[in-house]
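Thanks for coming, everyone. Let me put the structure up, and then we will walk through it piece by piece.

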Amino acid sequence: MNELVLTLGWLGIYAPMALGAAASAIGCSIAGMASIGAMTETEGGYGRFVGVSAFPSTMVIYGIVIMFTLNRDVTPENAGGLFGIGILSGIALMYCGIWQGRACAAAINATKEKPEIFGLSLAPAAIIEGFGVFAFVFALVISAGIS
Amino acid sequence: MSDPDAYIALVSSLPGSERLFVAKQPPLSRLRLDRRLTALTPEDARVLRVLEHALNWGDYDMDVTDAQAIERCKEALRDIPQPTLRKLFLERMDLRTTAAALRLRKQGGSPSSGTFGMGRWTRHIPANWTDPSFRLEGPMPWIKEAKQLLDAEDPLGLERLLLSVSHKQLKKHAARHLFDFEAVAIYVLIWNIFDRWAQSNAQDAVKRFEHLAQQAMAGVAEIDIDGASA
C-alpha cells in the first residue's frame, strides 16, 4: 500500500512539468499552424505571427517551477498532498495551454485581415494566461503547507 | 462533430470575405481556392463536392424537373454527416422553395399536389397559397421584400436579396466554427455566393455594353467611306 502511495507522490511531483510540456506543445502547434497559414496570405508581419504562436510556451515554465517547489522526500504522509496539487495544477495548465493556443490561432486569423486589431485580439489569450498564473501561484502557496 | 482544430493552417491561409455586393470579385480565384482545398482529407473533399454540386445552379440542366432536383438534394443530404452542414443545406432549400413558390404564384401557377419543393414548408406553402407571404413572415422576415421586388419586376434586386439572406445564414453558422471542416465548407459556400454575384454583375455589364454598342453603331450605316453623310 505504501509503495502505491509513494508512487502517487512522485507522480504528483512530475505531473505539472509533464502536463505543462504537453500543453505548451499542443498550444504552440495550434497557434503555429495558424501563423503558417496566415503567412501564405499576407505580405509582411510574419514575426508577429510567430511571436504570438509562442505564447502557450509559458505553461511548461510554470510546470517546471511547480515541479521544483514540490520536489522533496516523498513520505506516506505528504504523498497525497503532492499528488493532489501536482495533478490538478498540471491539468489546469494543460487546459490553459491548449485553449490559449486556439485563442492565439483565432487572433492570428483575424489579424491577417485587420492588422489594426492586433493588440486587442490578444486579450482572450492574455486572460487565459491569467488563469494559468492563478493555477501556478496558488499551487506554490498551497505546497508550502506540505511537510 | 468534426475535429475543431483539423484545418487551422487551411482556414488561416484563406483571405477574409469582403462585404457582399461591395466586392467586385471573390477574395481569391477558384484556381487558388482549389489549390488550397487540396489540404482536405479525401472524405471531407467528397462531402464538399456533394454539397457544392447540390447547391450550385450551374450544375443543374435547364430542363431539370422539380422531382429530379428534389431527389438530387435528398441524395446529397444522405451523404452529408455534419449536423451544421445538413442544417444550412436545409435552410437553403427552405429559401429556394419559398422563392420558387413566389415566382410560380406570380406567373399564375399553383402547386400540382399538396406539397411543394423541399424542406420544412413543403405542406405549409400550398396550404397558405393565397396569403401574400404564405404566413411565413415570422421565420422568413425577408419574404415581404422579396414579394415587393417580384411585383416590381426587379430580378436583380431579388437576386441580391436572396444572396444576402443566404450570406447571413452562412455567417450565422460560421460564428460557431473556426478551424474545422464546417468552417472550410462555409467559406467555400460564401465564395460561391460572391462568385455568383460577381457573375451576375458581369452579365449585366455585357448586356449594357451590347446596348451601348448597338446605340453607337446605329448611325454608322449612314456614313460613307469618304466621310460624307449619305
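Let's start at helix 7 of chain B. What covers its buried residues includes helix 5 (83–106) and helix 8 (155–174) of chain B. Before going on, some ground rules. This is a predicted model, where local features need pLDDT of at least 70, side-chain atom pairs count only at pLDDT 80 or more, and totals for chains, interfaces and linings use all residues. Residues are numbered from 1 along each chain as its sequence is written, while chains are lettered from A and ligands numbered from 1 in the order in which they are written.

Back to helix 7 of chain B, residues 143–151. Which residues are buried there? They are B:Ile143, B:Ala146 and B:Leu149. These three cover an arc of only 120° around the axis, which puts them on the same side of helix 7 of chain B. That arc is taken over the directions from the helix axis to the C-beta atoms. An α-helix has 3.6 residues a turn, so residues three or four places apart point the same way.

A word on terms. Buried means 20 or more other C-beta atoms within 10 Å of the residue's own; exposed means 12 or fewer; partly exposed is in between; and the C-beta atoms are placed from the backbone. Two residues are in contact if their C-beta atoms, placed from the backbone, lie within 7 Å. Helices (H or I, at least four residues) and strands (E, at least two) are DSSP runs, numbered from the N terminus.

Most residues other than glycine have a negative phi. B:Phe134 is not a glycine, yet its phi is positive, about 55°. B:Arg135 also has a positive phi, near 55°. Buried or partly exposed? B:Phe134 is buried, with 23 other C-beta atoms within 10 Å. B:Arg135 is partly exposed, with 14 C-beta neighbours inside 10 Å.

Next, the cores. A nonpolar core is a set of buried Ala, Val, Leu, Ile, Met, Phe, Trp, Tyr and Cys residues joined through C-beta atoms within 7 Å. The largest has 71 residues, and B:Val184 is among those with the most contacts inside it. Helix 4 of chain A gives the largest share of this core, 16 residues. Apart from it lies another core, of 14 residues, including B:Phe116 and B:Ile143. As for B:Val184, leaving out residues up to four places away in sequence, it touches B:Tyr7, B:Leu10, B:Val11 and B:Leu40.

How do the chains meet? The contact takes 14 residues from chain A and 11 residues from chain B. On the chain A side, the largest share, six residues, comes from helix 1 of chain A.

Last, confidence. Chain B has a mean pLDDT of 84, and 89% of its residues reach 70 or more; pLDDT is the predictor's confidence in each residue, from 0 to 100. For the complex, the predictor gives an ipTM of 0.76 and a pTM of 0.78.
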